[in-house]
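Please open the model in your viewer and keep the selection tool at hand.

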Amino acid sequence: MRMPARQRCHAALAGLVTLATAAVLSVATTAPATAADTWNEVGSDRADPLTESQGLTSVEIPAGSPNRYTGIGTIPSSVSSRGWNHVGDPDASYNGYYIEPYQSDSGSSKMFRVQAPGGGWSEYVHALSAGEALNNSFATVAPSGTWMVSGEYGTMSRLLVFPTPGVNPSTSPSANLPQASTINLDHAVRDVQGCDFVTATQLLCSSDDPAGTLFGITKPLLQVDLSGEPGSADVSGHVTALRQLPLRSSCSGTFEAEGIDYDRRTGTLRVIVVSPGFCVLTDSKTYRFTRG
């Protein structure tokens with residue numbers, strides 16, 4: 001059974017930080033953007049391999065809050081010691097609730113760790129539905145705040161909708177967090193690492209697809225247009241591949257597309273791309289885009 005990419009990334013990071021092996025010196029370059037591309041790269045920042053390699057989100061409340069990131073170095077020992085040793089791409093609601101998605105190596109549940117605006121933390125556990133994958137790649141809160149979308153790794157034709165833990169009054173840390181509905185996609189997606197709402201009915205998603213057989217490009221930036229706002233009833237989603245994410249490094253090998261964030265205040269889209277080999281330590285990037 002193929003190891004999930006988050007596990008592979010975590011193992012590679014731990015080994016590289018410990019051993020600091022020699023760099024591979026050839027250069028990988030990105031393929032040209034497709035004609036459908038409307039998001040233009042405007043800059044980048046180094047992504048720290050321990051604390052900024054899994055996901056990111058902009059935070060609106062309190063005002064002036066810094067962007068938040070996740071990585072293997074951000075998982076508290078009190079959380080990892082209970083088996084929640086993989087963190088995905090987080091999100092923050094517009095009213096100040098911050099949510100991190102967690103998974104374990106085995107079991108029948110996944111967890112969402114929530115920080116309330118006042119600073120307190122709570123955990124909401126979801127028992128897997130029939131046929132649901134164990135991995136917990138991301139969480140993104142709908143603009144209304146009441147509903148949250150999450151995703152499974154692998155080749156999928158759906159996204160999952162939950163009541164937003166801590167925000168939706170139906171949720172409680174002492175009760176199972178149930179799946180509320182499904183977003184049924186009209187085109188299969190592969191290895192989606194993160195999604196974020198641009199509008200109430202549009203998502204942008206980062207795909208770590210290594211094959212490129214679904215859309216003709218590897219590591220695509222995807223747009224999902226919904227038939228309605230997600231909630232307690234199923235909706236459909238129309239999937240479009242907009243462009244390939246940047247794949248630039250001083251090392252050659254396999255890149256990994258990670259989390260994604262859209263900041264409505266500035267119109268800036270950010271996506272983490274982890275570099276291959278030794279260069280995971282030196283030139284992994286958070287790329288910035290604006291709509292063309």
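**A tour of the disulfides**

Begin by selecting C195 and C205, whose link is right-handed, with 105 degrees about the S-S bond. C195 lies in strand β13 (residues 192-199) and C205 in strand β14 (residues 202-207), so the pair ties together parts that are ten residues apart in sequence; strands here are DSSP runs of E with at least two residues, numbered from the N terminus.

This is a predicted model, in which local features need pLDDT of at least 70 and side-chain atom pairs count only at pLDDT 80 or more, while totals for chains, interfaces and linings use all residues. Residues are numbered from 1 along each chain as its sequence is written, and side-chain values use heavy atoms, with hydrogens and water left out.

Stay with the two sulfur atoms: C195 and C205 are joined by a disulfide with an S to S distance of 2.1 Å, where a disulfide is a pair of cysteine sulfur atoms within 2.5 Å.

Next, select C251 and C279, which a disulfide joins at 2.0 Å from S to S. C251 sits in the loop between β16 (235-244) and β17 (256-263) and C279 in the loop between β18 (268-274) and β19 (285-291), so this pair ties together parts that are 28 residues apart in sequence. The link of C251 and C279 is right-handed, with 65 degrees about the S-S bond, and both of these cysteines, C251 and C279, are buried.

To finish, select the bonded cysteines together: the count comes to two disulfides, and in sequence order along the protein chain the pairing is 1-2, 3-4.

How values were computed: Helix = DSSP H or I, 4+ residues; strand = E, 2+ residues; numbered from the N terminus. Buried < 20%, exposed > 50% of the residue type's maximum accessible area, 1.4 Å probe, protein only.
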